[in-house]
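Please inspect the sequence and the structure before reading each solution.

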Amino acid sequence: MKIGGLQRFTLIDYPGKVACTVFLSGCNFRCPWCYDPELVLPEKEEVLMKEEEFFEFLSERKGKLEGVVVCGGEPTVSVRIGEFLEKIKKEGFLVKLDTNGSNPDTLERVLSLTDYIAMDVKLPLERYKEVGFYESDNIKKSIDIVMRSAKDYEFRTTVVPGFHTKEDIYKIGQLIEGSKIHFLQNFLAQKTLDESLLSIRSFSEEEMKEFKKIMGEFVPCKIRNI
């Protein structure tokens with residue numbers, strides 16, 4: 001596995017659990033607002049930790065950490081993701097998988113190895129081509145898999161001025177209607193894939209509350225600071 005980073009301790013990335021977060025390199029999306037270009041762009045990818053070092057770290061944290069958050073990049077682009085998750089489970093840790101939902105077959109295959117799924121719903125289906133992904137039917141399939149079969153889960157959307165409108169939020173709400181929970185995350189102008197976004201402002205508190213109200217017509221919704 002290409003491990004591009006490790007956060008050794010987190011109280012916020014896995015709801016209700018003391019965890020670490022492992023970042024896997026490689027992604028099949030090109031979201032302009034992505035905060036981790038070094039995990040997405042092949043020319044910027046770095047392997048910062050060997051896989052055996054990661055599992056040595058986990059062995060030392062038994063009894064101290066409850067779970068492992070596996071994110072990216074996009075973890076499901078790796079052909080070895082099932083093997084990787086299985087090894088984490090065998091070490092006795094809970095697994096939270098963060099995914100963009102682009103690979104429903106892989107998601108379904110590894111679902112039994114996960115305890116929590118966090119799926120990003122980037123945009124309405126017809127706009128996924130704007131992040132470089134043209135198989136939007138896969139997004140709907142993954143949503144259905146998560147809602148039907150995940151042990152625990154959340155959907156989430158990072159909203160970005162110039163990319164997301166009230167109509168977009170409404171359409172995303174329709175996609176995940178009846179699901180357990182959705183988190184709205186306000187864009188912050190920091191390190192991004194498209195550096196031109198560093199000059200734009202975040203949505204105001206009032207605008208975020210309006211988005212929450214719209215989403216709340218379909219699913220329980222909360223605003224999460226990132």
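**Exercise 1: a salt bridge and its setting**

The side chains of K180 and D152 form a salt bridge with an N to O distance of 2.3 Å; a salt bridge is a side-chain nitrogen of Lys or Arg within 4 Å of a carboxyl oxygen of Asp or Glu. The model is predicted, with local features requiring pLDDT of at least 70 and side-chain atom pairs pLDDT 80 or more, whereas totals for chains, interfaces and linings use all residues. Residues are numbered from 1 along each chain as its sequence is written, and side-chain values use heavy atoms, without hydrogens and water.

Solution. 
1. Helices (H or I, at least four residues) and strands (E, at least two) are DSSP runs, numbered from the N terminus.
2. Buried means under 20% relative accessible area, exposed over 50%, and partly exposed in between (1.4 Å probe, protein chains only).

**Exercise 2: a second pair**

Task: determine which parts of the chain the salt bridge between E126 and K171 ties together.

Solution. 
1. The side chains of E126 and K171 meet at 2.7 Å, N to O.
2. E126 is in the loop between β5 (116-120) and α5 (137-149), and K171 is in helix α6 (residues 166-175), so the pair ties together parts 45 residues apart in sequence.
3. E126 is partly exposed at 41%, and K171 is partly exposed at 28%.
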